[in-house]
Amino acid sequence: MVKYEMGVIVRADLPEDGHAVEMDKIKALIDRFGGTIEKIDEWGRRRMAYPIQKMSDGIYTFITYSAPPEAPREIESRTRLIENVLRFLTVRKDEVEATVVAPPAEVVEASAPVEAPEAVVEEVAVVEETAVEEPVAEEVATEEAPAEVEEPEAKDE
Amino acid sequence: MMQKRRGRRKKRVCQFCVDKITVIDYKGIEKLRRFTSERGKILPRRVSGNCAKHQRAVTQNIKRARHMALMVYTAE
(Lines give C-alpha, C1' and ligand atoms only; values in the text may rest on other atoms or scores of the structure.)
Protein backbone atom coordinates (compact mmCIF):
# COMPACT_ATOMS: atom_id res chain seq x y z
CA MET A 1 0.00 0.00 0.00
CA VAL A 2 1.28 3.40 -0.96
CA LYS A 3 0.14 6.67 0.42
CA TYR A 4 -1.23 9.22 -2.00
CA GLU A 5 -2.70 12.63 -1.76
CA MET A 6 -5.26 13.67 -4.27
CA GLY A 7 -6.16 17.32 -4.68
CA VAL A 8 -9.46 18.03 -6.35
CA ILE A 9 -10.99 21.28 -7.54
CA VAL A 10 -14.74 21.13 -7.96
CA ARG A 11 -16.63 23.96 -9.57
CA ALA A 12 -18.07 26.37 -7.06
CA ASP A 13 -21.35 27.21 -8.74
CA LEU A 14 -23.10 23.92 -8.06
CA PRO A 15 -26.34 23.73 -6.09
CA GLU A 16 -25.95 23.27 -2.37
CA ASP A 17 -24.99 19.64 -1.95
CA GLY A 18 -23.43 19.41 -5.39
CA HIS A 19 -19.95 19.44 -3.97
CA ALA A 20 -20.71 16.60 -1.59
CA VAL A 21 -22.14 14.54 -4.42
CA GLU A 22 -18.99 14.97 -6.50
CA MET A 23 -16.76 14.16 -3.58
CA ASP A 24 -18.78 11.04 -2.85
CA LYS A 25 -18.14 9.89 -6.38
CA ILE A 26 -14.42 10.24 -5.87
CA LYS A 27 -14.52 8.57 -2.49
CA ALA A 28 -16.41 5.71 -4.06
CA LEU A 29 -13.71 5.41 -6.71
CA ILE A 30 -10.96 5.27 -4.13
CA ASP A 31 -12.91 2.66 -2.26
CA ARG A 32 -13.56 0.65 -5.38
CA PHE A 33 -9.88 0.31 -6.22
CA GLY A 34 -8.87 -0.85 -2.79
CA GLY A 35 -7.96 2.48 -1.25
CA THR A 36 -8.51 3.52 2.33
CA ILE A 37 -9.20 7.17 2.97
CA GLU A 38 -7.07 8.50 5.79
CA LYS A 39 -7.67 12.18 5.83
CA ILE A 40 -9.80 14.72 4.07
CA ASP A 41 -8.63 18.26 4.05
CA GLU A 42 -11.29 20.73 2.98
CA TRP A 43 -10.05 24.11 1.91
CA GLY A 44 -13.44 25.22 0.77
CA ARG A 45 -14.14 27.84 -1.80
CA ARG A 46 -11.07 29.60 -3.00
CA ARG A 47 -10.17 32.05 -5.71
CA MET A 48 -8.10 30.29 -8.34
CA ALA A 49 -4.89 31.85 -9.59
CA TYR A 50 -6.28 31.89 -13.10
CA PRO A 51 -9.72 31.10 -14.49
CA ILE A 52 -10.46 27.52 -15.49
CA GLN A 53 -13.39 27.01 -17.86
CA LYS A 54 -14.22 30.68 -17.36
CA MET A 55 -14.70 30.16 -13.64
CA SER A 56 -12.69 32.12 -11.16
CA ASP A 57 -13.53 30.15 -8.00
CA GLY A 58 -13.20 26.52 -7.12
CA ILE A 59 -13.79 24.30 -4.13
CA TYR A 60 -10.57 22.67 -3.04
CA THR A 61 -10.38 19.32 -1.30
CA PHE A 62 -7.37 17.18 -0.56
CA ILE A 63 -7.84 13.51 0.16
CA THR A 64 -5.06 11.43 1.63
CA TYR A 65 -5.48 7.75 1.04
CA SER A 66 -3.44 4.63 0.85
CA ALA A 67 -3.97 2.22 -1.98
CA PRO A 68 -2.17 -0.32 -4.10
CA PRO A 69 0.17 1.29 -6.64
CA GLU A 70 -2.05 0.60 -9.62
CA ALA A 71 -5.05 2.36 -8.09
CA PRO A 72 -4.26 6.04 -8.77
CA ARG A 73 -4.18 5.51 -12.51
CA GLU A 74 -7.65 3.99 -12.42
CA ILE A 75 -8.99 6.59 -10.05
CA GLU A 76 -7.60 9.43 -12.13
CA SER A 77 -8.85 8.15 -15.44
CA ARG A 78 -12.34 7.92 -13.99
CA THR A 79 -12.16 11.22 -12.18
CA ARG A 80 -11.39 12.81 -15.52
CA LEU A 81 -14.90 11.90 -16.63
CA ILE A 82 -16.59 13.81 -13.85
CA GLU A 83 -17.44 17.08 -15.48
CA ASN A 84 -17.79 19.16 -12.35
CA VAL A 85 -14.21 18.42 -11.37
CA LEU A 86 -12.09 21.18 -12.84
CA ARG A 87 -8.69 19.88 -11.85
CA PHE A 88 -7.13 17.10 -9.86
CA LEU A 89 -3.65 16.03 -8.96
CA THR A 90 -2.42 12.91 -7.28
CA VAL A 91 0.91 13.02 -5.50
CA ARG A 92 2.73 10.28 -3.68
CA LYS A 93 2.90 11.12 -0.06
CA ASP A 94 4.61 8.34 1.85
CA GLU A 95 8.20 9.57 1.93
CA VAL A 96 7.06 13.12 2.40
CA GLU A 97 5.05 12.20 5.45
CA ALA A 98 7.98 10.42 7.04
CA THR A 99 10.18 13.47 6.81
CA VAL A 100 7.51 15.82 8.04
CA VAL A 101 7.42 14.21 11.44
CA ALA A 102 11.13 14.15 12.06
CA PRO A 103 12.35 17.78 12.28
CA PRO A 104 9.80 19.23 14.77
CA ALA A 105 10.48 16.35 17.16
CA GLU A 106 14.11 17.41 17.41
CA VAL A 107 13.20 20.95 18.28
CA VAL A 108 10.80 19.87 21.00
CA GLU A 109 13.34 17.64 22.65
CA ALA A 110 15.90 20.40 22.74
CA SER A 111 13.72 23.03 24.39
CA ALA A 112 11.37 21.06 26.63
CA PRO A 113 13.73 19.78 29.37
CA VAL A 114 15.15 23.25 29.98
CA GLU A 115 11.88 25.02 30.44
CA ALA A 116 9.67 22.53 32.27
CA PRO A 117 11.53 20.38 34.76
CA GLU A 118 8.65 20.09 37.26
CA ALA A 119 5.35 18.52 36.36
CA VAL A 120 4.69 16.19 33.52
CA VAL A 121 1.49 17.98 32.67
CA GLU A 122 3.30 21.26 32.31
CA GLU A 123 5.86 19.71 30.11
CA VAL A 124 3.20 18.68 27.69
CA ALA A 125 1.92 22.22 27.54
CA VAL A 126 5.36 23.60 26.77
CA VAL A 127 5.88 21.04 24.11
CA GLU A 128 2.71 22.08 22.41
CA GLU A 129 3.59 25.72 22.60
CA THR A 130 6.97 25.32 21.05
CA ALA A 131 5.53 23.16 18.36
CA VAL A 132 3.13 25.90 17.44
CA GLU A 133 5.61 28.73 17.61
CA GLU A 134 8.26 27.00 15.63
CA PRO A 135 6.82 27.45 12.12
CA VAL A 136 6.38 31.16 12.72
CA ALA A 137 9.99 31.65 13.68
CA GLU A 138 10.99 29.65 10.72
CA GLU A 139 9.07 31.84 8.40
CA VAL A 140 10.63 34.98 9.75
CA ALA A 141 14.07 33.53 9.28
CA THR A 142 13.47 32.55 5.70
CA GLU A 143 11.73 35.75 4.85
CA GLU A 144 15.05 37.44 4.40
CA ALA A 145 15.61 35.43 1.29
CA PRO A 146 13.18 37.25 -1.00
CA ALA A 147 14.76 40.63 -0.44
CA GLU A 148 18.04 39.33 -1.68
CA VAL A 149 16.34 37.45 -4.38
CA GLU A 150 14.56 40.33 -5.97
CA GLU A 151 17.53 42.57 -6.62
CA PRO A 152 19.36 40.54 -9.19
CA GLU A 153 16.05 39.64 -10.75
CA ALA A 154 15.55 43.19 -11.94
CA LYS A 155 18.90 43.08 -13.64
CA ASP A 156 17.82 40.11 -15.69
CA GLU A 157 14.89 41.61 -17.48
CA MET B 1 37.52 41.09 -4.16
CA MET B 2 37.12 40.07 -7.73
CA GLN B 3 37.01 43.00 -10.15
CA LYS B 4 34.77 41.34 -12.66
CA ARG B 5 31.81 41.16 -10.32
CA ARG B 6 29.93 44.34 -9.79
CA GLY B 7 29.41 45.19 -6.16
CA ARG B 8 29.83 42.84 -3.29
CA ARG B 9 28.63 39.39 -3.96
CA LYS B 10 26.51 38.08 -1.16
CA LYS B 11 27.34 34.62 -0.06
CA ARG B 12 24.16 32.71 -0.65
CA VAL B 13 23.25 29.57 1.13
CA CYS B 14 20.34 27.36 0.35
CA GLN B 15 17.59 28.43 2.74
CA PHE B 16 16.15 24.93 2.90
CA CYS B 17 19.46 23.43 3.90
CA VAL B 18 19.97 26.08 6.55
CA ASP B 19 16.52 25.55 8.05
CA LYS B 20 16.74 21.80 7.64
CA ILE B 21 13.48 21.76 5.77
CA THR B 22 13.08 18.48 4.02
CA VAL B 23 9.54 18.84 2.82
CA ILE B 24 8.45 21.18 0.10
CA ASP B 25 4.77 20.96 -0.56
CA TYR B 26 2.90 22.44 -3.48
CA LYS B 27 0.13 23.51 -1.13
CA GLY B 28 2.42 25.83 0.80
CA ILE B 29 2.24 28.52 -1.81
CA GLU B 30 3.43 31.30 0.47
CA LYS B 31 6.81 29.63 0.67
CA LEU B 32 6.94 28.82 -3.01
CA ARG B 33 5.96 32.29 -4.08
CA ARG B 34 9.28 33.58 -2.86
CA PHE B 35 10.95 31.63 -5.60
CA THR B 36 9.04 33.19 -8.43
CA SER B 37 9.40 36.58 -10.03
CA GLU B 38 6.56 39.06 -10.08
CA ARG B 39 5.48 37.67 -13.40
CA GLY B 40 5.32 34.21 -11.91
CA LYS B 41 8.48 32.86 -13.46
CA ILE B 42 10.55 30.46 -11.41
CA LEU B 43 13.76 32.10 -10.28
CA PRO B 44 16.97 30.48 -11.41
CA ARG B 45 19.22 28.86 -8.89
CA ARG B 46 21.81 31.57 -9.25
CA VAL B 47 19.26 34.05 -8.01
CA SER B 48 17.40 32.03 -5.42
CA GLY B 49 20.58 30.51 -4.03
CA ASN B 50 19.06 27.08 -3.62
CA CYS B 51 21.11 23.95 -3.82
CA ALA B 52 20.43 21.59 -6.68
CA LYS B 53 18.32 19.24 -4.63
CA HIS B 54 16.04 21.86 -3.22
CA GLN B 55 15.82 23.83 -6.44
CA ARG B 56 14.52 20.70 -8.08
CA ALA B 57 11.94 20.23 -5.36
CA VAL B 58 10.89 23.88 -5.52
CA THR B 59 10.51 23.76 -9.29
CA GLN B 60 8.50 20.57 -9.15
CA ASN B 61 6.16 21.92 -6.55
CA ILE B 62 5.68 25.29 -8.22
CA LYS B 63 4.60 23.42 -11.31
CA ARG B 64 2.19 21.35 -9.29
CA ALA B 65 0.80 24.46 -7.67
CA ARG B 66 0.31 25.99 -11.10
CA HIS B 67 -1.63 23.01 -12.28
CA MET B 68 -3.94 23.26 -9.30
CA ALA B 69 -4.44 26.99 -9.97
CA LEU B 70 -2.77 27.90 -6.72
CA MET B 71 -0.08 29.85 -8.53
CA VAL B 72 -0.04 31.63 -11.84
CA TYR B 73 1.64 30.34 -14.96
CA THR B 74 2.12 33.89 -16.01
CA ALA B 75 1.01 37.29 -14.87
CA GLU B 76 -0.30 39.81 -17.38
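Mentor: Let's begin with a definition: a residue is buried under 20% relative accessible area, exposed over 50%, and partly exposed in between. Keep in mind, too, that this is a predicted model.

Trainee: Got it! So is A:Trp43 buried, exposed or partly exposed?

Mentor: A:Trp43 has a relative accessible area of 28%, so the residue is partly exposed.

Trainee: And A:Phe62, buried or exposed?

Mentor: A:Phe62 is buried, because its relative accessible area is 1%.

Trainee: How many aromatic pairs are there over all chains?

Mentor: The count is seven aromatic pairs over all chains. One of them joins A:Trp43 and A:Phe62, with 4.7 Å from centre to centre and 55° between the planes, a tilted pair. This pair links distant parts of the chain: A:Trp43 sits in strand β2 (residues 36–52) of chain A and A:Phe62 in strand β3 (residues 55–67) of chain A, 19 residues apart.

Trainee: Which residues do ring pairs link into a cluster with those two?

Mentor: The cluster holds A:Trp43, A:Tyr60, A:Phe62 and B:Tyr26, so you will find residues of both chain A and chain B there, going by the definition of a ring pair.

Trainee: Nice. Which residue lies over the face of A:Tyr60?

Mentor: That is A:Arg46, at 5.8 Å from the ring centre. The face of A:Phe62 has a charge over it as well: B:Lys27 lies there, at 5.3 Å from the ring centre.

Trainee: Changing topic to the sheet. In what order do the strands of chain A come?

Mentor: Four strands of chain A make an open sheet, ordered β2-β3-β1-β4, and they pair antiparallel. At the edges are β2 and β4 (85–92) of chain A, each pairing on one side only. On average, neighbouring strands of this sheet are turned by 20° against each other, direction ignored.

Trainee: How many bridges join β2(A) to β3(A)?

Mentor: There are 11 bridges between these antiparallel strands, β2(A) and β3(A).

Trainee: Which strands does helix α1 of chain A touch?

Mentor: Helix α1 (residues 18–32) of chain A packs on the sheet and touches β1 (2–11), β2, β3 and β4 of chain A. The direction of helix α1 makes about 25° with that of β3(A).

Trainee: And where does helix α2 of chain A lie?

Mentor: Helix α2 (residues 71–79) of chain A lies across β1, β3 and β4 of chain A, and runs at about 175° to β4(A).

Trainee: What pattern does chain A follow along the sequence?

Mentor: Chain A reads β-α-β-β-α-β-α-α-α, with five helices and four strands. Of its 157 residues, 38% are buried. Among contacts in chain A with a separation of 6 or more, 69% come from residues 24 or more positions apart.

Trainee: What about B:Cys51: which cysteine sulfur is closest to its own?

Mentor: That of B:Cys17, at 3.6 Å, again too far for a bond.

Trainee: Are B:Cys14 and B:Cys51 buried or partly exposed?

Mentor: B:Cys14 counts as buried at 5% relative accessibility, whereas B:Cys51 is partly exposed with a relative accessible area of 24%.

Conventions: Residues numbered from 1 in each chain as written. Chains lettered and ligands numbered in written order. Predicted model: local features only at pLDDT ≥ 70, side-chain atom pairs only at ≥ 80, totals over all residues. Heavy atoms only, no water. Phe/Tyr/Trp six-rings, centres within 6.5 Å; stacked < 30°, edge-to-face > 60°. Helix = DSSP H or I, 4+ residues; strand = E, 2+ residues; numbered from the N terminus. Buried < 20%, exposed > 50% of the residue type's maximum accessible area, 1.4 Å probe, protein only. Lys NZ or Arg CZ within 6 Å of the ring centre and 35° of its normal. Disulfide = S-S within 2.5 Å. Pairing = 2+ DSSP bridges. Axes fitted to C-alpha atoms, helices over the stretch in contact; angles between N-to-C directions. Contact = heavy atoms within 4.5 Å.
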